[in-house]
Amino acid sequence: MSQNTAKEECVKNFKYIFRNDLFLGKVAFVTGGGTGIGFTIAEVLMRHGCDTVIASRRLDKLQESAATLRAATGRRCLPIQMDVRDKHGGVIVNITATLQVRGQVYQLHAGAAKAAIGGKALRKEFVDNIPIQRVGTREDIANTVVYVCSDAAQLLTGSTVIADGGSWLTNENNLSRIRHIVELYSKM
C-alpha cells in the first residue's frame, strides 16, 4: 500500500454554507484526518469554530497536516498517532461507498470514488449518469458532515445519508456497462 507523501492543501476560497461559529466550543475527533477526505472534514469543521483531534498511524503526516490546518483556520488541532479501529464515543459519522444499497459488479465505483476518477473519457461517461452532472468533492462530503453534526440534524440517528448527487439512483448495475467502464479505465 503506497503512503500519501503529498502535502495536503486547504480549500481555496472557502464558501460558508453554515454559520462560521456553528461549532464554537466543540471538539471533533477525526480519524484519518491527516489526509484526503478526513483532512477536509477536519478543515471544514475547524472553519466552523471547532477544535479538532486528528488521528491515524503516521505521526509525521499528522503533524504536518495539523500545522496546515491550524495556519488556515486559526483553530487548535492536535495530532494523535493511534490505531483508529478502537471504539470511541460521541457523534459518530462513518464515510463509505454505497455498495450496500444495490451492490455493484466488480465494485469498480468504490475504487473510483476513493481514487477520484482521473481520465476525461471515464469522467464524462461517469458524470453523464449523475443527476447533478458533476462528481462530488471532498468539500461536499465535509459540508454533509457539518450538517449531520449540527443541531439541524437532531432527529437523525442510526440513519444513512447518501451524498453522491443521486448517482446511486441512476448508476446502471449491469455487466456490459461495467465492462465498458473497465475498458475505458484501463486505457488511462
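Student: Why does Val93 count as partly exposed?
Tutor: This is a predicted model, and every value here is computed from it. The relative accessibility of Val93 is 33%. Buried means under 20% and exposed means over 50%. The value falls in between, so Val93 counts as partly exposed.

Student: Where is Val93 found?
Tutor: Val93 sits in the loop between β3 (77-81) and α3 (99-102).

Student: What makes Val93 part of a nonpolar patch on the surface?
Tutor: A patch residue needs over 30% relative accessible area, and Val93 has 33%. Nonpolar side chains are joined within 5 Å, and Val and Ile are on the list of nonpolar types. The patch is formed by Val93 with Ile37, Val91 and Ile95. Together they have about 320 Å² of accessible area.

Student: What of Gly90: why is it called exposed?
Tutor: Gly90 has a relative accessible area of 68%. The cut-off for exposed is over 50%, so Gly90 passes. Gly90 also has its place in the loop between β3 and α3.

Student: How many helices and strands does the protein chain have, and how do they run?
Tutor: There are 8 helices and 3 strands. From the N terminus on, the order is β-α-β-α-β-α-α-α-α-α-α. Of the 188 residues, 34% count as buried.

Student: How do you know that the span of helix α2 is close to the expected one?
Tutor: Helix α2 (residues 59-73) has 15 residues. The expected span is 1.5 Å times one less than the number of residues, and for α2 that gives 21 Å. From first C-alpha to last, α2 reaches 21 Å.

Student: Which residues of α2 are buried, and what puts them on one side or on several?
Tutor: Lys61, Leu62, Ser65, Ala66, Thr68, Leu69 and Thr73 are buried. They cover an arc of only 165° around the axis, which puts them on the same side of α2. These buried residues pack against α1, β2 (51-56) and β3. Just after the helix, Gly74 takes a positive phi of about 75°.

Student: What makes Glu64 and Lys61 a salt bridge?
Tutor: The side chains meet at 3.0 Å, N to O. The limit is 4 Å, so the pair qualifies. Being 3 residues apart in α2, Glu64 and Lys61 are separated by about one helical turn.

Student: How many salt bridges does the whole structure hold, and which involve Asp51?
Tutor: The search finds 9. Among them, Arg75 pairs with Asp51, with the closest N and O atoms 3.2 Å apart. Arg75 lies in the loop between α2 and β3 and Asp51 in strand β2, 24 residues apart. Arg76 also meets Asp51, at 2.8 Å, N to O. This pair ties together parts that are 25 residues apart in sequence.

Student: Asp51, Arg75 and Arg76: how do their accessibility classes follow?
Tutor: Asp51 has a relative accessible area of 9%, so Asp51 is buried. Arg75 has 22%, so Arg75 is partly exposed. Arg76 has 60%, so Arg76 is exposed.

Student: Why is Ser167 called buried, and what does it touch?
Tutor: Ser167 has 10% relative accessibility, under the 20% cut-off, so Ser167 counts as buried. Ser167 is found in helix α7 (residues 167-170). Leaving aside neighbours within four places in sequence, Ser167 is in contact with Phe126, Ile130 and Pro131.

Conventions:
Residues are numbered from 1 along each chain as its sequence is written. This is a predicted model: local features need pLDDT of at least 70, side-chain atom pairs count only at pLDDT 80 or more; totals for chains, interfaces and linings use all residues. Side-chain values use heavy atoms; hydrogens and water are left out. Patches are made of residues with over 30% relative accessible area and no salt bridge: like charges are joined within 9 Å, nonpolar side chains (Val, Leu, Ile, Met, Phe, Trp, Tyr) within 5 Å. Accessible areas come from the Shrake-Rupley method with a 1.4 Å probe; for residues, only the protein chains shown count as cover. Helices (H or I, at least four residues) and strands (E, at least two) are DSSP runs, numbered from the N terminus. Buried means under 20% relative accessible area, exposed over 50%, partly exposed in between (1.4 Å probe, protein chains only). The arc is that of the directions from the helix axis to the C-beta atoms. Contact means heavy atoms within 4.5 Å.
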